[in-house]
Amino acid sequence: MKLKNVLLTAVLITATVLNVNSQNRENKVTVEFASESEKLNKATGWEENEKTGKWVENKNVIDDRECPSYWVSHVSQNFKWLQFRTINQNDKKYYVFLYERLGGEYKYKSIQEDWQADKRTYFFILTTEEYENMKSKIELKSGENIKLTSKMNGYISDRFKILGGEHLYNEENLLAKITKTIEKPSYSESCLVINSQTTDGNDVLRFRLPESCYSAEKYMKTAYFEVKLEEFKTILTE
């Protein structure tokens with residue numbers, strides 16, 4: 001009897017352990033975009049050339065010279081389109097500043113040869129409070145910089161799309177990256193700097209794409225995108 005009791009106990013313990021360790025295979029749930037604004041497809045990039053003192057104008061690119069199309073991917077401040085979208089996660093609403101731009105890197109970095117351009121979609125996430133505060137300050141047209149910081153930022157690229165899966169350049173992978181970033185923000189902050197003002201009787205908005213907080217405001221003095229304020233406000237979703 002004692003042996004039977006020992007065996008029965010062993011069976012019960014084994015069954016319990018197996019039950020505890022067993023898990024169903026469940027795909028991780030990612031967020032979805034709840035709404036989106038129109039896309040802004042054009043802004044004038046202005047930069048003062050340090051040597052000549054002249055301001056140089058480029059469409060959708062900030063550079064201190066006339067920027068040819070083959071060089072755009074070398075310049076970090078360029079975009080094809082930008083907009084705001086909203087997402088809801090854990091009963092909290094977030095506003096995502098999205099923009100697509102050209103990027104790239106050298107295949108042989110040590111000798112800077114064989115430049116390989118790629119396409120990237122960047123995201124910069126704000127809380128509802130930060131977003132509403134930004135909208136209020138834009139309406140003031142004070143000419144003072146509005147500096148927005150976020151540790152929830154990143155991008156996806158089409159650089160390795162040939163590998164498929166998580167490397168594909170699509171909305172599914174973008175949302176997966178955004179979901180992961182909200183759950184585990186970056187250690188470093190990026191800053192989005194904008195400035196609304198009235199210049200020569202016109203209401204305009206100046207901005208730079210998110211970048212290192214260390215230099216963002218300094219560069220706003222001599223290099224920025226400019227667009228009519230009413231045009232920029234078309235991307236401010238509710």
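Reader: What is the handedness of the link between cysteine 191 and cysteine 213, and what is the angle about its S-S bond?
Author: In this predicted model, a disulfide joins cysteine 191 to cysteine 213, with a distance from S to S of 2.1 Å, which falls within the 2.5 Å that defines such a pair. The count by this rule comes to one disulfide. The link of cysteine 191 and cysteine 213 is right-handed, and the angle about the S-S bond is 95°.

Reader: How many residues apart in sequence are the parts that cysteine 191 and cysteine 213 tie together?
Author: Cysteine 191 belongs to strand 9 (residues 190-199), whereas cysteine 213 sits in the loop between strand 10 (202-212) and helix 4 (216-219). Both cysteine 191 and cysteine 213 are buried. Because of where the two cysteines lie, the pair ties together parts whose separation in sequence is 22 residues.

Reader: Is cysteine 67 buried or exposed?
Author: A residue is called buried when its relative accessible area is under 20%. Cysteine 67 has a relative accessibility of 14%, and therefore counts as buried.

Reader: In what order do the five strands of the open sheet stand, and which strands are at its edges?
Author: The five strands form an open sheet with antiparallel pairing, in the order 1-4-5-6-8. The twist from one strand to the next averages 35°. Each edge strand has a single partner strand, so one side of each is left without a neighbour in the sheet, and these edge strands are strand 1 (33-36) and strand 8 (153-157).

Reader: Which residue of strand 6 is the bridge partner of glycine 103?
Author: Strand 5 and strand 6 run antiparallel and are joined by 14 bridges. For glycine 103, the bridge partner in strand 6 is aspartate 118.

Reader: What angle does the direction of helix 3 make with that of strand 6?
Author: Helix 2 (residues 128-140) lies across strand 4, strand 5 and strand 6, and runs at about 95° to strand 6. Helix 3 (residues 171-183) packs on the sheet, where it touches strand 1, strand 4, strand 5, strand 6 and strand 8. The direction of helix 3 makes with that of strand 6 an angle of about 55°.

Reader: What is the phi of aspartate 91, and what is the phi of glutamine 112?
Author: Most residues other than glycine have a negative phi. Aspartate 91, in the loop between strand 4 (81-89) and strand 5 (92-108), counts as exposed at 88% relative accessibility, and glutamine 112, in the loop between strand 5 and strand 6 (113-127), counts as exposed at 54%. Neither residue is a glycine, yet phi is positive in each, near 60° for aspartate 91 and about 50° for glutamine 112.

Definitions and conventions:
Residues are numbered from 1 along each chain as its sequence is written. This is a predicted model: local features need pLDDT of at least 70, side-chain atom pairs count only at pLDDT 80 or more; totals for chains, interfaces and linings use all residues. Side-chain values use heavy atoms; hydrogens and water are left out. Helices (H or I, at least four residues) and strands (E, at least two) are DSSP runs, numbered from the N terminus. Buried means under 20% relative accessible area, exposed over 50%, partly exposed in between (1.4 Å probe, protein chains only). Two strands pair if DSSP finds at least two bridges between them. Axes are lines fitted to C-alpha atoms, for helices over the stretch in contact, and angles run from 0 to 180 degrees between N-to-C directions. Contact means heavy atoms within 4.5 Å.
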